[in-house]
Amino acid sequence: YQRRVHGGTGQCRRVVGASDDLTVWSTDRPFATISEGSNVTIMPYVGRILFVGNRYTDGGSIQTFAQAIEVVVAENVFERISQVAAWGRQEETSTAWNANLMVEFLDNVVQEGNHGVTNSPYWRSAPDGTVSTEPYFFGSLTNDQRNDSAFQGALNRFVVFSNNTIRSNGGVLIRGTSANVLVEDTAISHSDVSIHVNWTTTQGGVVVTGTSVTQSFGRPRGGPGAGRGDDPEIDEL
């Protein structure tokens, strides 16, 4: 598959042929949008995945790791797992760009988050905060492009967190080169964090609305329309 990651983001086409030296590629049909400076990545297609109606307890991370296109994570119950995150990445030794595009996290319930799970090799804190949602739970993470990469745009785009409930120890974190992210109708209780957006690294189009936060001592904070600057927990790094 061939995918455009900028200047017509989200389009996928099937590769039907290539020249012997791999400098010319043919697709089953043209891209709908062609703009100057667009980037295309060619790789096996990973997408149209449903993770729906499961109960996941005492485990590690659930991640749309590296390439993920048109994925829905919905109506699940999570308890004492490390994180649920969209995570687009650049392959560490090449210029392969693995984007998360059109990924949705809908109507999930977090009974209890877990700040102590260590069974993931990526469960650590990095200086730029790319590899963990700690102490949050849901996240849009991406910041893995090397400085010399030709593509420095958003590797997470069109990501939705909607109508999720966090009952203990968690929140929502948006950081890295994420863009066009919607966080809506989130209910958070019994947690020392809520929603955090890194406005410095994200690349635009991040919307937070309809947040309801109740601290463990029962005092409501935030409310409908809560967003940047409206709740002390929704702030900048």
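Me: Of the contacts in the chain with a separation of 6 or more, what share comes from residues 24 or more positions apart?
Reply: Such residues account for 58% of those contacts. Bear in mind that this is a predicted model.

Me: How confident was the predictor, on average?
Reply: The mean pLDDT of the chain is 78, and 73% of the residues score at least 70. Residues 118–129 have a pLDDT below 50, and that stretch makes 20 contacts in the model beyond near neighbours in sequence. Residues 217–237 are also below 50, with 51 contacts of that kind.

Me: OK, secondary structure. How many helices and strands?
Reply: The chain has zero helices and 25 strands.

Me: What is the strand order in the open sheet of five?
Reply: The order is E8-E11-E16-E19-E22, and the pairing is parallel. Strand E8 (62–65) and strand E22 (195–197) are the edge strands, each pairing on one side only.

Me: And by how much are neighbouring strands of this sheet turned against each other?
Reply: By 10 degrees on average, with direction ignored.

Me: How many bridges are there between E16 and E19?
Reply: Three, linking residues 138–141 of strand E16 with residues 172–174 of strand E19 in the parallel sense. Within that pairing, phenylalanine 138 has valine 172 in E19 as its bridge partner.

Me: Switching to asparagine 108. Where is it found?
Reply: Asparagine 108 lies in the loop between strand E14 (100–106) and strand E15 (109–112).

Me: Is that asparagine 108 buried or exposed?
Reply: Asparagine 108 counts as buried because its relative accessible area is 0%, and the cut-off for buried is under 20%.

Me: Which residues is asparagine 108 in contact with, leaving aside neighbours within four places in sequence?
Reply: Val73, Ala74, Glu75, Asn76, Phe78, Phe138, Asn163, Asn164 and Thr165. Phe138 on that list is the residue bridged to valine 172.

Me: Now E23. Which residues sit on its covered face?
Reply: Val206 and Val208 are on the covered face of strand E23 (residues 206–209), while Val207 and Thr209 are on the uncovered one.

Me: How is E20 joined to E23?
Reply: Four bridges join strand E20 (residues 178–184) to E23, and the two run parallel.

Me: Last one, for the whole chain: how much of it is buried, and what is the accessible surface?
Reply: Buried residues make up 51% of the 237 residues. The accessible surface comes to about 10,800 Å², with 49% of that belonging to carbon and sulfur atoms.

Definitions and conventions. Residues numbered from 1 in each chain as written. Predicted model: local features only at pLDDT ≥ 70, side-chain atom pairs only at ≥ 80, totals over all residues. Heavy atoms only, no water. Buried < 20%, exposed > 50% of the residue type's maximum accessible area, 1.4 Å probe, protein only. Contact = heavy atoms within 4.5 Å. Pairing = 2+ DSSP bridges. Axes fitted to C-alpha atoms, helices over the stretch in contact; angles between N-to-C directions. Areas by Shrake-Rupley, 256 points an atom, 1.4 Å probe, with all protein chains shown as cover. pLDDT = per-residue confidence, 0-100.
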